[in-house]
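Dear colleague,

Please find the structure below, handed over for your use. My findings follow it.

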Amino acid sequence: MAFTQYTTELNGQRYAYLDEGEGPLVVFGHGVLADKSMFEAQIEALRHRYRCVSLDWPGHTGSGYREKGWSFYDMADDSIALLDQLGYEQAIFVGLSQGGMTFMRLALKYPERVRALVLLDTSADPEDAELMPVHRQQQSRFAHGSDAERDDVVTRMQKFLYAKPWRDANPDGVAHEKALILAHDRHGIELALENVFTRDDISGDISAISAPTLVIVGELDRATPPEKARRIAAAIPGARLVTVAESGHHSPIENPEAVNRALSDFLAAL
């Protein structure tokens, strides 16, 4: 699939994005280390009925970044600026991992702008303190290591991000995703990871989210395990939970058919 990339400025920050289709607006936000292409299969499935916009988050692929860093609240503000720029009062926000973290905060701050919310493989909790030493080591090696060190750390990251069934069945996909990760700006990704690692705890706040919500999680997700998704779905009034079989943290890539089906059914019921 070849989609056209656009660039714009939102609150002084350069963003790259894909923009396909016409109709109600669906805004996609990818996970850290991925990019706007993460949702290409979902855009292909929905663009005949919806306007689908998929952002590169700061520090990823075609977007710039704030040199002093940023927060998920900054990303939420930028997403609302995008709606204003595109001329929409509301959007359906679909976010994976850091995208879901951003859009939960957006739904709390700007409830009137959210038509519906889809949260994939994400967490409302702060980063797991037990994992931080490994995370910090990987962050440093990815940002400052040699090419060989960076290649090695991405190989290790991929075992955490993608479930073994997908990795075994898709060696070309694994290689493509590795090349994408290694192409990110070193300092931009260092700051993006810092944002993820230092996020606040909103697990006690999300019960205030009023938008119709679908929660999706890969049954083999190690980065944000299914228990985190179950807690989100239990906390948000009326939220529905879908578990994707044999899928890890990047469920839209690993099992696009199952994610597309869940997403299409949810949108049709709105």
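Contact here means heavy atoms within 4.5 Å. Among contacts in the protein between residues at least 6 apart in sequence, 76% join residues at least 24 apart.

Please note that this is a predicted model, in which local features need pLDDT of at least 70 and side-chain atom pairs count only at pLDDT 80 or more, while totals for chains, interfaces and linings use all residues. Residues are numbered from 1 along each chain as its sequence is written, and side-chain values use heavy atoms, with hydrogens and water left out.

Eleven helices and eight strands make up the secondary structure of the protein (DSSP runs, numbered from the N terminus: helices are H or I of at least four residues, strands E of at least two). Of the 270 residues, 57% count as buried (under 20% relative accessible area, with a 1.4 Å probe and protein chains only).

One residue deserves a separate note. Lys36 lies in the loop between β3 (25-29) and α1 (40-46) and is buried, with a relative accessible area of 5%. Its side chain makes a polar contact with the side chain of Asp56 at 2.6 Å; such a contact is a pair of N or O atoms within 3.5 Å, of which, within protein, one must be able to donate a hydrogen and the other to accept it, and residues adjacent in sequence count only if both atoms are side-chain atoms. Leaving aside neighbours within four places in sequence, Lys36 is in contact with residues including Gln5, Tyr17, His30 and Thr61.

Notes
Buried means under 20% relative accessible area, exposed over 50%, partly exposed in between (1.4 Å probe, protein chains only).
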